[in-house]
Amino acid sequence: MIPVTCFKGKKVALFGLGGSGLSSALALKEGGAHVIVWDDAPARNDLARSKGLEARDLAELDWKGISALVLSPGVPLTHPEPHWTVGLAREAGVEVIGDIELFSRERALVCPDAPVICITGTNGKSTTTALTAHLLKSIGRDVQMGGNIGTPVFDLAPLAAHRHYVIECSSYQIDLAPGLAPTAGIHMNLSPDHLDRHGTMENYAAIKEKLVAASRTAIVGVDDDMSAAIADRLDAAGHDVRRISGYQTQTHGVFAREGLLVCADKGVETVIADLSRAPSLRGQHNAQNAAAACAALLALGVMPQELAAGLESFPGLKHRMQIIARHEGTLFVNDSKATNADATAWALASYPRLYWIAGGKPKAGGIEPLGEFFPRIVRAYLIGEAAEEFARTLDGKVPYEISGTLDVAVQRAAADAALDPQAEKVIMLSPACASFDQYPNFEVRGDAFAESVRALLAVPEKTEDA
């Protein structure tokens, strides 16, 4: 645990007792703060009490003397409207912050020299986070990885100057972290997402920009126009900016060209690695992920020649183009983490002949932007709330059926692929949707796909990542 001592002897209110919320509360208590916590779920309040925390309704709290409200990232700060605790805190003049802000303050107080790499972006941030940590481990560094990727930041090992912290940050967390100051900050890309929580695309982009603007070295993906504009603004303001790209040559940064990953330092190029030797980094999107991770390590002083072995040995990320099985010329790929059209585009671009399982809880824009990949799709199998909407988009362009549920989609896709005489074909779950209509999260959805495939093929649980 990382104890939070920066609120020692002070009263702190905390709302939201999910994984990061409970971890933050325990870290504050360990650091000497008087923490008062609450959650809408009675079971979570009971769990907090069992761990020695004071859980009582914050609606009945006297906010005088409260130093801060720590808000869990899943709780609305601004849109569609501020949570009721935010209103109470603001009326009392109490600051509203989150777990990443607590981490930033604690680091500044007890160990400002600890290297911190923070990663954000609409797509690719989890793979980039995992790859960055993997590269650091491959060269013998002490690495702690957490944040939005799954491990709450305060569940990491205590702050130390030799220890590298690789933190995935959601837009929600950045919005609650005004003091964020990473050693290197990575912004991957932008596409419409979470607009229900941020109101407009401009607000969403501005929140992402905060992370790199606060970083000693700003690493910015330039493969979309809004992110390229962020890089230009930071450059004009005098920031140390390294541009990254999966396909565009850069003069100062890291990019992929003809299968090679290249570092450019004021126009002088050095080849880092041949990405064809890195099977888990297939496709332009993974080339950008690799460029981002390598740019971060280069910003820390790692030499380019130290990176190739780590890129080649990276195992990939579960639920992101994860190969579940091969059977008689058919590849089964779990891309459940593709929760919007942009993420699915990268997956569809990586294979030429697809039996595509898509659908779930739809997001703005649907699958209209994926039209250029429709010729690659032999047939689509639509599930969840989005099925009817997606069917209208595909009508007359791609053969489809409304399967309804994932297990049915897997069975139908496998039956069709078995009749396909082509040597190589792919059955891929890449939903372009959130999971919340049928599953609690994309991980459970991906596991359900894998279980359906294994049951169909009667194969043991053994996977490899692509």
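Is Trp-84 buried, partly exposed or exposed? Trp-84 counts as partly exposed, at 34% relative accessibility, where buried means under 20% relative accessible area, exposed means over 50% and partly exposed lies in between, computed with a 1.4 Å probe on protein chains only. This is a predicted model, in which local features need pLDDT of at least 70 and side-chain atom pairs count only at pLDDT 80 or more, while totals for chains, interfaces and linings use all residues. Residues are numbered from 1 along each chain as its sequence is written, and side-chain values use heavy atoms, with hydrogens and water left out.

**Aromatic pairs**

- The structure holds 2 aromatic pairs, a pair being rings of Phe, Tyr and Trp (its six-membered ring) with centres within 6.5 Å, called stacked if the planes are under 30 degrees apart, edge-to-face if over 60 and tilted for the rest.
- One of them is edge-to-face, because the rings of Phe-15 and Trp-84 have centres 5.8 Å apart and planes at 70°.
- This pair links distant parts of the chain, 69 residues apart, with Phe-15 in strand E1 (residues 11-15) and Trp-84 in helix H3 (residues 84-91); helices (H or I, at least four residues) and strands (E, at least two) are DSSP runs numbered from the N terminus.
- Phe-15 counts as buried, at 3% relative accessibility.

**Ser-104**

- Ser-104 lies in helix H4 (residues 99-110) and counts as buried at 10% relative accessibility.
- Leaving aside residues up to four places away in sequence, Ser-104 touches Gly-179, Leu-180 and Ala-181, contact meaning heavy atoms within 4.5 Å.
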